[in-house]
Amino acid sequence: GGGGGGGGLMAAGLPLPKQLVVHGYILMGDSKMSKSLGNVISPDDLATWYGVEPVRYYLMRQMPITHDGHFDLKDLENRINSDLANSLGNLLNRMQTLALNNGLQEITAPECWEAKSSHLHEMCQEAYRFYWEEMGKYHFHIALGEVWKFIALVNAYFHEMQPWVLAKQNKELFAEVIAATCNSLYSIAIMLMPIMPKKMETLLYALGQKYDETINYDEVLRKNNWNRVFKLNKLDEPLFVRPESRLPKEDEVPVAKTVVPVTPQTETPSSDFISIDDFAKCKLLVGTIISCEEVAGSDKLYKMQVDCGLHGMRQIFSGVKKNFKPEDLIGKQGIVVANLSARKMPGGVFQGILLYASDASGNHRLASVSGPVDNGTRLK
């Protein structure tokens, strides 16, 4: 294919490409997609079920260009639900609904940004620089991971500032929070334009903006001037719709059970050991810390809201106030023990714990996974 394409370019008198980007195989389980193996999923079906752009997003987010990548229908649906419908689409919807319901349609920048808004502004610029660098290396999955880290920060900012309260108590700060969110969403839309152009044009329309191919958006996002005027347009339907699941029902999937001979245990039992069944009862989920605040009257506790994806938002109390500042934790992914019995605490209901590591030298670290994964992913 490459040689024929080169010959065609030469015949047309066009210059040959200086680089070829060649991705690996798309795997189903441990095998390549193959008609002979019968493990092919029709692209037409995927486009009909989920839409072209969400599928393209999943492939670019999930498949590293440098080696083979795994395709999984459940992962695809989780990405659409968690990343697109929840993290991005729901952020736009919440912001628009609050603004329009409080008579705020035209959004302008304040004369001076508050500290938390300024920090979000800086993070927006940093996210774009990292995104541009990784896209230039064809590390699309890493670049998109950085965009979604920033989306998590915008959600955390929005949740922490509580604009639904400010709308009644501080109209000026309320308008600033809406403006910071609009500016953030504008940058997000431009970064995601190559992957989901139609959806991002819709997002820009919701902000009263248009994409203009004559504009140097690299220069715009590097300067990152939050002085744009937005005029909100309410969308007729959500930006991203949670798709009907196409996964087979459990009773439709035959499961072959293999009887494995059990070797008698010769080790001396110990109270320190647990069985695999005991471990399986422990529900460990990856979640992003959306907000972190002090608990009144406590010199140890933080109260945090942790986004566990399809498992919902969890309210968690951690006695780590002496070791971490809120900004050290907000936006970070941690590991949540999610199936502990709920109980009341001085600041509300306790819905799980986050895991930390602490050594003899006084080093304290939030336990996490080695790279970004979907909120709600279960450790196993």
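This is a predicted model: local features need pLDDT of at least 70, side-chain atom pairs count only at pLDDT 80 or more; totals for chains, interfaces and linings use all residues.
Visitor: Over the face of which residue does R228 lie?

Guide: A charge is taken to sit over a ring if NZ of Lys or CZ of Arg is within 6 Å of the ring centre and within 35 degrees of the ring normal. R228 is placed at 3.8 Å from the ring centre.

Visitor: How many helices and strands has the protein?

Guide: Both kinds of element are DSSP runs numbered from the N terminus: helices are H or I with at least four residues, strands are E with at least two. Counted in this way, the protein has 12 helices and 14 strands.

Visitor: What percentage of the residues in the protein is buried?

Guide: Buried means under 20% relative accessible area, exposed means over 50%, and partly exposed lies in between, with a 1.4 Å probe and protein chains only. The protein has 380 residues, and the buried share of them is 40%.

Visitor: At what angle do helix α4 and helix α6 pack?

Guide: Helix α4 spans residues 73–101 and helix α6 spans residues 140–161, with their axes 11 Å apart. Axes are lines fitted to C-alpha atoms, for helices over the stretch in contact, and angles run from 0 to 180 degrees between N-to-C directions. The crossing is left-handed, a term for a near helix turned anticlockwise from the far one by less than a right angle, with clockwise giving right-handed. The packing angle of α4 and α6 is about 35°.

Visitor: Into how many nonpolar, polar and charged residues does the contact of α4 with α6 divide?

Guide: Contact means heavy atoms within 4.5 Å, and D83, L84, S87, L88, L91, R94, M95 and L98 in α4 meet W148, I151, V154, N155 and F158 in α6. Ala, Val, Leu, Ile, Met, Phe, Trp, Tyr, Cys and Pro count as nonpolar, Asp, Glu, Lys and Arg as charged, and the others, Gly among them, as polar. The residues of the contact of α4 with α6 divide into nine nonpolar, two polar and two charged.

Visitor: How many aromatic pairs are there?

Guide: Rings of Phe, Tyr and Trp (its six-membered ring) pair if their centres lie within 6.5 Å; planes under 30 degrees apart count as stacked, over 60 as edge-to-face and the rest as tilted. By this rule the number of aromatic pairs is 10.

Visitor: How many residues apart are Y57 and W148?

Guide: The two form a tilted pair, with 4.7 Å centre to centre and 40° between the planes. Y57 is buried at 0% relative accessible area, and W148 is buried at 7%. Y57 belongs to helix α3 (residues 52–62) and W148 to helix α6; the pair links distant parts of the chain, its members being 91 residues apart.

Visitor: Is Y211 buried or partly exposed?

Guide: Y211 forms a stacked pair with Y217, at 4.9 Å centre to centre and 10° between the planes. Y217 is buried, with a relative accessible area of 8%. Y211 has a relative accessibility of 34%, and therefore counts as partly exposed.

Visitor: What is the phi of Y138?

Guide: Most residues other than glycine have a negative phi. Y138 is found in the loop between α5 (115–136) and α6, and counts as partly exposed at 28% relative accessibility. Although Y138 is not a glycine, its phi is positive, at about 65°.

Visitor: What is the phi of N224?

Guide: N224 is placed in the loop between α10 (217–223) and β5 (230–231). At 3% relative accessibility, N224 counts as buried. N224 is not a glycine, yet it has a positive phi of about 55°.

Visitor: How far apart in space are L329 and C292, C-alpha to C-alpha?

Guide: L329 lies in helix α12 (residues 326–329) and is buried at 0% relative accessible area. Leaving aside neighbours within four places in sequence, L329 is in contact with I289, C292, Y302, M304, V320, F324 and L366. L329 and C292 are 37 residues apart in sequence, and their C-alpha distance is 7.3 Å.

Visitor: Which residues does S368 touch, not counting residues up to four places away in sequence?

Guide: S368 lies in the segment after β14 (364–366), and is partly exposed at 36% relative accessible area. With residues up to four places away left out, S368 touches Q333, G334 and I335.

Definitions and conventions. Residues are numbered from 1 along each chain as its sequence is written. Side-chain values use heavy atoms; hydrogens and water are left out.
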